[in-house]
Amino acid sequence: MFHRVLKNYDEKNYYYQRQTGISWKKFIELLDTIEKKGWKTKPISALAKGYTHNDVFITFDDGYRDNICAFDELINRGMIATVYPVKDFVLDGFSPIDDMALHLMSTPNVPKDLSLSLLGGRLKRILRGITASRYRYLRQRLFGIDVDADSTHLFMQEHHLKLYNSQGIELGIHGCSHRAFTQLSPSELNKELTENYNWIRGLGCRESMSICFPHGKNNKKVIEQSQLFGLIHLGVDCETFYPSVLRRIHITEDYCG
Ligand SMILES: [Zn+2]
């Protein structure tokens with residue numbers, strides 16, 4: 001499980017602190033290892049036919065634009081991956097959590113407790129369940145910030161996703177708003193899944209779609225409703241309560257397999 005592939009390692013960078021960033025150097029090391037061991041990369045849809053211990057399933061969450069170089073490298077090596085873009089992030093070029101991250105990194109002397117709360121505490125949990133408009137309202141109320149951080153080049157655009165899908169990079173469902181599915185009403189979740197499914201189809205996806213739960217959050221009702229849109233379900237890197245939800249391995253800078 002990857003999120004961002006960044007040029008250089010920087011321990012102060014939010015994405016490394018959140019363990020959602022990996023350096024280009026490390027990424028290349030991992031691909032070299034896959035090649036040396038003779039492992040085979042496959043798209044997530046191939047899991048429907050089972051797997052062997054020589055198979056590697058690479059996934060990217062959220063559709064960050066720095067994945068472009070990573071995809072080019074994978075394609076040059078004849079490798080495959082699956083990306084889970086977020087519809088609103090791609091269309092609006094805006095994500096509440098990333099906006100918070102960019103503000104956090106550009107503001108000097110942020111109090112430590114506030115920084116920790118945004119990185120993994122109460123404020124982070126709140127961000128998982130709110131819309132972009134609610135986020136902007138709270139950002140103004142709590143921090144007096146009424147401008148968006150510059151996220152112009154943070155996410156891929158539709159034409160990128162279409163191009164890479166045509167070159168073998170698989171697309172999957174990861175929500176429209178990236179809110180945790182467990183915090184949505186059944187009708188909100190149905191709308192989110194339907195819109196997301198149709199959007200991914202429109203980008204060229206012809207395979208049966210897999211679903212990567214935003215923030216890994218799921219429960220029995222969410223799983224049942226999601227099964228109407230895809231039968232392979234992915235969580236994050238922790239024990240999953242429901243065996244049908246596949247655990248992913250969080251690949252960080254210090255990962256050594
Ligand atoms: Zn995500």
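**Record, domains and rings**

Modeller: With the record. In an unreviewed entry, UniProt lists residues 53-230 as "domain: NodB homology". The model itself is predicted. In it, that span is 49% helix and 8% strand, and its end C-alpha atoms lie 24 Å apart.

Colleague: How is the protein divided into domains?

Modeller: Domain 1 covers 4-93 + 154-246, and domain 2 covers 96-143. Their C-alpha centres lie 24 Å apart. Across the boundary, 15 residues of domain 1 are in contact with 15 residues of domain 2.

Colleague: Now the rings. How many aromatic pairs does the structure hold?

Modeller: There are 15 aromatic pairs.

Colleague: Why is the pair of F2 and F27 called edge-to-face?

Modeller: The ring centres are 5.5 Å apart, and the cut-off for a pair is 6.5 Å. The planes stand at 75 degrees. Over 60 counts as edge-to-face, so the F2 and F27 pair is edge-to-face.

Colleague: What makes that pair a link between distant parts of the chain?

Modeller: F2 is in the segment before β1 (4-6), while F27 is in helix α2 (residues 24-37). They are 25 residues apart. Both F2 and F27 are buried.

Colleague: Why does the pair of Y9 and Y16 get the label edge-to-face?

Modeller: The centres of Y9 and Y16 are 4.6 Å apart and the planes are at 65 degrees. That angle is over 60, so this pair is edge-to-face.

Colleague: Are Y9 and Y16 buried, partly exposed or exposed?

Modeller: Y9 has 47% relative accessibility, so Y9 counts as partly exposed. Y16 has 8%, so Y16 counts as buried. The cut-offs are under 20% for buried and over 50% for exposed.

Colleague: Which residues do ring pairs link into a cluster?

Modeller: F2, W24, F27, F60, F71 and Y164.

Colleague: How do you know which charged ends sit over the rings of Y15 and F94?

Modeller: By distance and direction, with 6 Å as the limit to the ring centre. The charged end of R4 sits over the ring of Y15, 4.6 Å from its centre. For R136 over the ring of F94, the value is 3.9 Å.

Colleague: What makes C176 a residue in no disulfide?

Modeller: The structure holds zero disulfides. For C176, the nearest cysteine sulfur is that of C212, 14 Å away. A disulfide needs sulfur atoms within 2.5 Å.

Colleague: Why is C176 called buried, and C69 partly exposed?

Modeller: C176 has a relative accessible area of 3%, so C176 is buried. C69 has 46% relative accessibility, so C69 counts as partly exposed.

Colleague: Which residues of helix α6 are buried, and what covers them?

Modeller: In α6 (residues 112-120), the buried residues are S115, S117, L118 and L119. Their cover includes α1 (14-17), α5 (96-106) and α7 (122-127).

Colleague: What makes the phi of Q19 stand out?

Modeller: Most residues other than glycine have a negative phi. Q19 is not a glycine, yet its phi is positive, at about 60 degrees. Q19 lies in the loop between α1 and β2 (21-23). Its relative accessible area is 39%, so Q19 is partly exposed.

Colleague: And what of N109?

Modeller: N109 is also a residue other than glycine with a positive phi, near 55 degrees. Its place is in the loop between α5 and α6.

Methods: Residues numbered from 1 in each chain as written. Predicted model: local features only at pLDDT ≥ 70, side-chain atom pairs only at ≥ 80, totals over all residues. Heavy atoms only, no water. Phe/Tyr/Trp six-rings, centres within 6.5 Å; stacked < 30°, edge-to-face > 60°. Helix = DSSP H or I, 4+ residues; strand = E, 2+ residues; numbered from the N terminus. Buried < 20%, exposed > 50% of the residue type's maximum accessible area, 1.4 Å probe, protein only. Lys NZ or Arg CZ within 6 Å of the ring centre and 35° of its normal. UniProt positions renumbered as here; feature names shortened; annotations may be inferred. Domains from an automatic or database assignment. Contact = heavy atoms within 4.5 Å.
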